[in-house]
Amino acid sequence: MRLDIQQLLAIDGGTQGFGLVLPLGGDYGDFTAGTAEAKGGVSNHGGYLLLTADTVVHAEGICSRCGEGFDFCHSFKTERPVARNLTADENDEYILTDEDGFLDLAAVFNDELLLELPTKLLCREECKGLCPKCGKNLNKGSCNCPAKEIDPRLEVLKALLDNG
Ligand SMILES: [Zn+2]
Ligand SMILES: [Zn+2]
């Protein structure tokens, strides 16, 4: 979605609102489905342009520890100045318009999502994950695997003692 801010430039104190919905695909980590919905506006403060937005992410994620699907919800705020005559490397903080004075909102929020969303999803902070031996989901109860491996050197000793 491209936002034309040419008219806004002529209105000191004006605001131009926008809303967009981005689908969440594989680009943002282990999401199987979902959307990010951004609502906000660009305002003109004496020629200084500021983009502000609230973004709400609702998605289905796959936990990187236990592999279970879960509902992922996250919201965040964006507040970044917009500039027309800077090159991209002058300041990372600025959102730049293209040559025609349009803002590419999809690209802006694509970047925001990459920064905001975790690359490793966890169904919960204290997810216990899977047992490395039997693969049971330890969030659903413990398994019967021995908690600790017996040191193989002790096994040898035990065998000697049993035979003696
Ligand atoms: Zn998990
Ligand atoms: Zn186990």
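Reader: I would like to start with one cysteine. Is C66 buried or exposed?

Author: Good place to begin! Keep in mind that this is a predicted model. To read burial, look at the relative accessible area, where a value under 20% counts as buried. C66 has a relative accessible area of 6%, so C66 is buried.

Reader: Now the whole chain. What share of its 164 residues count as buried?

Author: Of the 164 residues, 30% count as buried.

Reader: Let me turn to the fold. How many helices and strands does the chain have?

Author: The chain has 3 helices and 7 strands. Among contacts with a separation of 6 or more, 54% are between residues 24 or more positions apart.

Reader: In what order do the strands of the open sheet stand?

Author: The order is β2-β3-β4-β5-β6, an open sheet of 5 strands with mixed pairing. Now look at the edges, where β2 (15-23) and β6 (95-96) each have a single partner strand, so one side of each is left without a neighbour in the sheet.

Reader: Let me zoom in on β3 and β4. How many bridges join them?

Author: There are 14 bridges between β3 (residues 31-45) and β4 (residues 48-62), and the two strands run antiparallel. To follow the pairing, pick a residue and find its partner across the way. For K39 the bridge partner in β4 is D54, while E37 stands opposite V56 in β4. The hairpin of these strands has 2 residues between them, and G46 takes a positive phi near 60 degrees there.

Reader: Could we follow one residue of β4? Which residues is H58 in contact with, leaving aside its neighbours within four places in sequence?

Author: H58 sits in strand β4, and its contacts of that kind are G34, T35, F72 and C73. The C-alpha atoms of H58 and A36 are separated by 6.4 Å, although the two residues are 22 residues apart along the chain. As for its surface, H58 counts as partly exposed because its relative accessibility is 46%. A general idea to keep while you look at strands: in a regular strand the side chains alternate between the two faces of the sheet.

Reader: Back to C66. What are the protein donors of the zinc ion (ligand 1)?

Author: They are the SG atoms of C63, C66, C123 and C127, lying 2.3 Å from the zinc ion (ligand 1). The 4 donor atoms subtend angles of 104 to 112 degrees, which makes the arrangement tetrahedral. Their spacing in sequence is C-x2-C-x56-C-x3-C. C66 lies in the loop between β4 and β5 and C123 in the loop between α2 (105-116) and α3 (152-163), so the pair ties together parts that are 57 residues apart in sequence. C123 counts as partly exposed because its relative accessibility is 21%.

Reader: Which residues coordinate the zinc ion (ligand 2)?

Author: C131, C134, C143 and C145 do, each through SG, at 2.3 Å. This site is tetrahedral, with angles of 107 to 111 degrees among its 4 donor atoms. In sequence, the donors follow the pattern C-x2-C-x8-C-x1-C. Their accessibility is worth a look too: C131 counts as buried at 9%, whereas C134 counts as partly exposed at 44%. C145 is partly exposed as well, with a relative accessible area of 25%.

Reader: With these cysteines in mind, how many disulfides does the structure hold?

Author: A disulfide is a covalent bond between the sulfur atoms of two cysteines. This structure holds 0 disulfides.

Methods
Residues are numbered from 1 along each chain as its sequence is written. Chains are lettered from A and ligands numbered from 1 in the order in which they are written. This is a predicted model: local features need pLDDT of at least 70, side-chain atom pairs count only at pLDDT 80 or more; totals for chains, interfaces and linings use all residues. Side-chain values use heavy atoms; hydrogens and water are left out. Two strands pair if DSSP finds at least two bridges between them. Helices (H or I, at least four residues) and strands (E, at least two) are DSSP runs, numbered from the N terminus. Donors are N, O and S atoms within 2.8 Å of the metal (3.2 Å for Na, K and Ca); water is not among the atoms, so sites may look incomplete. Four donors count as tetrahedral if all angles lie between 85 and 135 degrees; four count as square planar and six as octahedral if opposite donors are over 155 degrees apart and all others between 65 and 115; anything else is irregular. Buried means under 20% relative accessible area, exposed over 50%, partly exposed in between (1.4 Å probe, protein chains only). A disulfide is a pair of cysteine sulfur atoms within 2.5 Å. Contact means heavy atoms within 4.5 Å.
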